[in-house]
Amino acid sequence: MDENIKDIKEEYRPLSPWAYWGLSLLYAVPIVGLVFLIIFSFKKTNINRRNFTRSYWCNLILVAIVLLVLLATGVLSGFIYDLRYMF
């Protein structure tokens, strides 16, 4: 099976599970992860990495929307109030 993967062009070569894990770990780092998310979203060297990066953006957008809805409905207001007076 490794011989078949070597025949595939670099642009279409699949990523290993460790690559996905490493990319997830890299994207979790606050500033550096954001920079790499932006770079890998537009880079055309590997389509699988680009699609994984774009799916990570989709997850971040969904989390942001859920947080905004919770904040707008007041669900998080008590939590934020407690945080202000905790310190």
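Buried means under 20% relative accessible area, exposed means over 50%, and partly exposed lies in between, with a 1.4 Å probe and protein chains only. The model is predicted, so local features need pLDDT of at least 70 and side-chain atom pairs count only at pLDDT 80 or more, while totals for chains, interfaces and linings use all residues. Residues are numbered from 1 along each chain as its sequence is written, and side-chain values use heavy atoms, with hydrogens and water left out.

**Exercise 1.** Determine whether threonine 53 is buried or exposed, and place it in its element.

Solution. Threonine 53 belongs to helix α4, residues 47-73, where helices are DSSP runs of H or I with at least four residues, numbered from the N terminus. Its relative accessible area is 0%, so threonine 53 is buried. Contacts (heavy atoms within 4.5 Å) link threonine 53 to Tyr27, Leu37, Phe40 and Ser41, leaving aside residues up to four places away in sequence.

**Exercise 2.** Identify the residues of the largest nonpolar core.

Solution. A nonpolar core is a set of buried Ala, Val, Leu, Ile, Met, Phe, Trp, Tyr and Cys residues joined through side-chain atoms within 4.5 Å. The largest one has six residues, namely Leu23, Tyr27, Leu37, Phe40, Phe52 and Tyr56. Two or more residues each come from α2 (17-28), α3 (30-42) and α4. Leucine 23 touches Leu15, Phe40, Arg49 and Phe52, again not counting residues up to four places away in sequence.

**Exercise 3.** Find which residue forms a salt bridge with arginine 13.

Solution. A salt bridge requires a side-chain nitrogen of Lys or Arg within 4 Å of a carboxyl oxygen of Asp or Glu. Arginine 13 pairs with glutamate 10, whose closest N and O atoms are 3.1 Å apart. Arginine 13 has a relative accessible area of 26% and is therefore partly exposed, and glutamate 10, at 46%, is also partly exposed.
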